[in-house]
Amino acid sequence: MRPFVRILATLLGLAFAAAGALLVLEVGWHWWRPGSAPLLVPWPRWQAGLASLGWDAYAVRVGAGVLAAAGLVLVGCALAAGNRAVRLTDPADDVSVSTSPRSLARLVGVTVRAQDNVAGASVTASARRIRVRAKSTLETEGELRPRLLATVSALLDELPLVRRPKVTVVVDSPKDRR
């Protein structure tokens with residue numbers, strides 16, 4: 001969600017910058033030649049059209065509804081893209097410590113890959129959940145999964161996490177397919 005919000009913020013910023021530049025051009029043109037027609041935007045025609053609309057007109061109601069819906073979508077996107085940091089216990093008053101989910105996943109991944117009979121592993125982490133997907137050619141899931149679960153649990157015991165995430169371990173092994 002964060003890349004979407006970043007792209008959206010960039011596009012909205014560019015749109016507001018373009019509208020501001022257009023406004024500056026129109027005002028400058030009007031100051032330089034007060035009696036001439038507008039430079040790019042037909043302001044007088046728009047003003048006459050808007051003057052004929054009342055607050056109870058259908059177009060005004062639809063426009064207000066569309067703007068309200070767009071605002072709610074933007075607020076929802078901003079809330080969904082909130083801070084994803086993994087909180088650690090505070091070492092002292094007025095000091096807060098956190099780490100990124102990527103750092104936590106990297107730490108768990110290095111620990112899992114260092115285990116015997118693990119050919120590779122991919123780890124995704126968040127403040128609530130850690131998912132480990134390990135590959136092994138020599139052990140079955142029943143043999144390797146409990147050991148990896150114990151290893152990850154021991155690692156999480158050493159970390160000063162405020163909230164312990166739920167750990168899920170899946171092992172892909174060709175021995176299980178036989």
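Where is aspartate 94 found? Aspartate 94 sits in the loop between β1 (86-88) and β2 (97-99). I will come back to that residue after the overall layout.

First, the ground rules. This is a predicted model, where local features need pLDDT of at least 70 and side-chain atom pairs count only at pLDDT 80 or more, while totals for chains, interfaces and linings use all residues. Residues are numbered from 1 along each chain as its sequence is written, and side-chain values use heavy atoms, with hydrogens and water left out.

The chain has five helices and five strands. Helices here are DSSP runs of H or I with at least four residues, strands are runs of E with at least two, and both are numbered from the N terminus. In sequence order the pattern is α-α-α-β-β-α-β-β-α-β.

Now the overall shape. The radius of gyration of the chain is 29 Å, whereas a compact globule of 178 residues would have one near 16 Å. That radius is taken over C-alpha atoms, and the globule rule is 2.2 Å times the number of residues to the power 0.38. The C-alpha trace spans about 85 × 50 × 35 Å along its principal axes. Of the 178 residues, 21% count as buried. Buried means under 20% relative accessible area, exposed means over 50%, and partly exposed is in between, with a 1.4 Å probe and protein chains only.

Next, the annotations. The unreviewed UniProt entry lists residues 7-32 and 58-81 under "transmembrane region". UniProt positions are in the numbering used here, feature names are shortened, and annotations may be inferred rather than shown by experiment. Residues 7-32 are 100% helix and 0% strand, with end C-alpha atoms 37 Å apart. For residues 58-81 the figures are 96% helix, 0% strand and 35 Å. The unreviewed entry also places "domain: DUF6286" at residues 69-171, a span that is 42% helix and 24% strand.

On to the sheet. Three strands form an open sheet in the order β3-β4-β5, with mixed pairing. Its edge strands are β3 (120-125) and β5, each pairing on one side only. Two strands pair if DSSP finds at least two bridges between them. β3 and β4 are antiparallel over six bridges, and alanine 121 stands opposite alanine 134 in β4. β4 (residues 129-135) and β5 are parallel over seven bridges, and arginine 133 has valine 170 in β5 as its bridge partner.

What do β4, helix α5 (residues 141-158) and β5 make? They make a right-handed β-α-β unit. Right-handed means that, with the strands pointing away from the viewer, the path from the first strand over the helix to the second runs clockwise. Strand β5 (residues 166-172) has a covered face of Val167, Val169 and Val171. Its uncovered face is Lys166, Thr168, Val170 and Asp172.

Back to the loops. Aspartate 94 has a positive phi of about 65° although it is not a glycine. Asparagine 117, in the loop between α4 and β3, also has a positive phi of about 65° without being a glycine. Why mention this? Because most residues other than glycine have a negative phi. As for accessibility, aspartate 94 counts as exposed because its relative accessibility is 86%. Asparagine 117, at 31%, counts as partly exposed.
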